[in-house]
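Hello,

Here is the structure I promised to pass on. Please open it first, then read my notes below.

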Amino acid sequence: MTGGHSVGEVAKIAGVTVRTLHHYDGIGLLSPRGRTPAGYRRYQDADLDRLQRILFYRELGFPLEEIAAILDDHSVSPSEHLRRQHRLLTDRIAHLQVLAAAVEHAMEAEKMGIQLTPEEKFEVFGQSYEEEWETEAEQRWGDTEAWAQSQRRTGGYAKADWERIKAEADALNARLVEAFTAGEPADGGPAMDLAEVHRQHICENFYDCTFEIHRGIAGMYVADPRFTATYEQLAPGLAQWLHDAMLANAAFRTGEQA
């Protein structure tokens, strides 16, 4: 059989190298059906169909051995091969769409500023930090204006900004412990002033923390064991004291009842 295409012609048509076609022939993956009297390879239409399938599966990351097993399974009809290719392409398209959405999200984040890596988050916030907290927070408050405002602000923060915020929070916590252990009443002036510093720290760095929101945060400090533990580790009883101070401060500054 001397008709068909030469190896050079097939390489050009398929966009592969002659060396690749020689390799496929050598391992029995694609052996051309024809030869010239001089022994040169001649590829027939059926060979080109098989090459198309090989390159399709190769593009999807299948190893050559698995491709050979798929194509040599004579129980699978040509139409079934096409259906399989369609399913694989559909799955790949869906996967690429997910990746594209992730890239778009990253591009948007890049416009807003530098984000901390997971390693930097642990470095800044300590070993007790858990990334799941971010997911939980978004689930609970993701549809609020405060969350949107916080995302806009923090999206532009670099590592140095987070280190500053952490240092400010640590300094405030030290002042809270000092006032609490000194016996300051939660509804006294020094305690309420510290509660206001706490609220302003949120306003300045994250979102406009109204007194209503601040009351809600105070509630979490005694209702959520994780928040409670954060302050109890600093001083037993501090969580409840801070809660009371935040409510007293809100009542004092708004003229409402705590």
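Start with helix α5, which covers residues 78-112. Arg83 and Glu80 sit in this helix, 3 residues apart. Because of that spacing, about one helical turn separates Arg83 from Glu80. Their side chains meet in a salt bridge, at 3.0 Å from N to O. Keep in mind that this is a predicted model.

Are these two side chains buried or exposed? Arg83 counts as partly exposed, at 43% relative accessibility. Glu80 is partly exposed too, with a relative accessible area of 22%. The cut-off for buried is under 20%.

Why can such pairs form? Side chains of opposite charge can pair when their charged atoms come close.

The structure holds 11 salt bridges. Here are two others to look at.

Go to helix α9 next. Lys166 and Asp170 both lie there, 4 residues apart, or about one turn of the helix. Lys166 forms a salt bridge with Asp170, and the closest N and O atoms are 2.9 Å apart. Lys166 is partly exposed at 25% relative accessibility. Asp170 is partly exposed as well, at 37%.

Now look at helix α10. Arg199 and Glu196 both lie in this helix, 3 residues apart, about one turn. Their side chains meet in a salt bridge, 2.7 Å from N to O. Arg199 is buried, with a relative accessible area of 10%. Glu196 is buried too, also at 10%. This pair belongs to a network of salt bridges that links Asp193, Glu196, Arg199 and Arg253.

On to the nonpolar side chains. In soluble globular proteins, nonpolar side chains tend to be buried together.

How many residues does the largest nonpolar core have? The count is 29. Those with the most contacts inside this core are Leu176, Ile217, Tyr231, Leu238, Trp241 and Met246. Four helices each supply at least two of its residues: α9 (159-181), α10 (189-205), α11 (211-223) and α13 (238-254). The largest share, 7 residues, comes from α13.

Which residues does Leu176 touch, leaving aside its neighbours within four places in sequence? Leu176 is in contact with Leu194, Tyr231, Leu238, Trp241 and Leu242.

There is also a second, separate core of 20 residues. Val10, Tyr57, Leu64 and Ile70 are among them.

Best wishes

Terms used:
Residues are numbered from 1 along each chain as its sequence is written. This is a predicted model: local features need pLDDT of at least 70, side-chain atom pairs count only at pLDDT 80 or more; totals for chains, interfaces and linings use all residues. Side-chain values use heavy atoms; hydrogens and water are left out. A nonpolar core is a set of buried Ala, Val, Leu, Ile, Met, Phe, Trp, Tyr and Cys residues joined through side-chain atoms within 4.5 Å. Buried means under 20% relative accessible area, exposed over 50%, partly exposed in between (1.4 Å probe, protein chains only). Contact means heavy atoms within 4.5 Å. A salt bridge is a side-chain nitrogen of Lys or Arg within 4 Å of a carboxyl oxygen of Asp or Glu.
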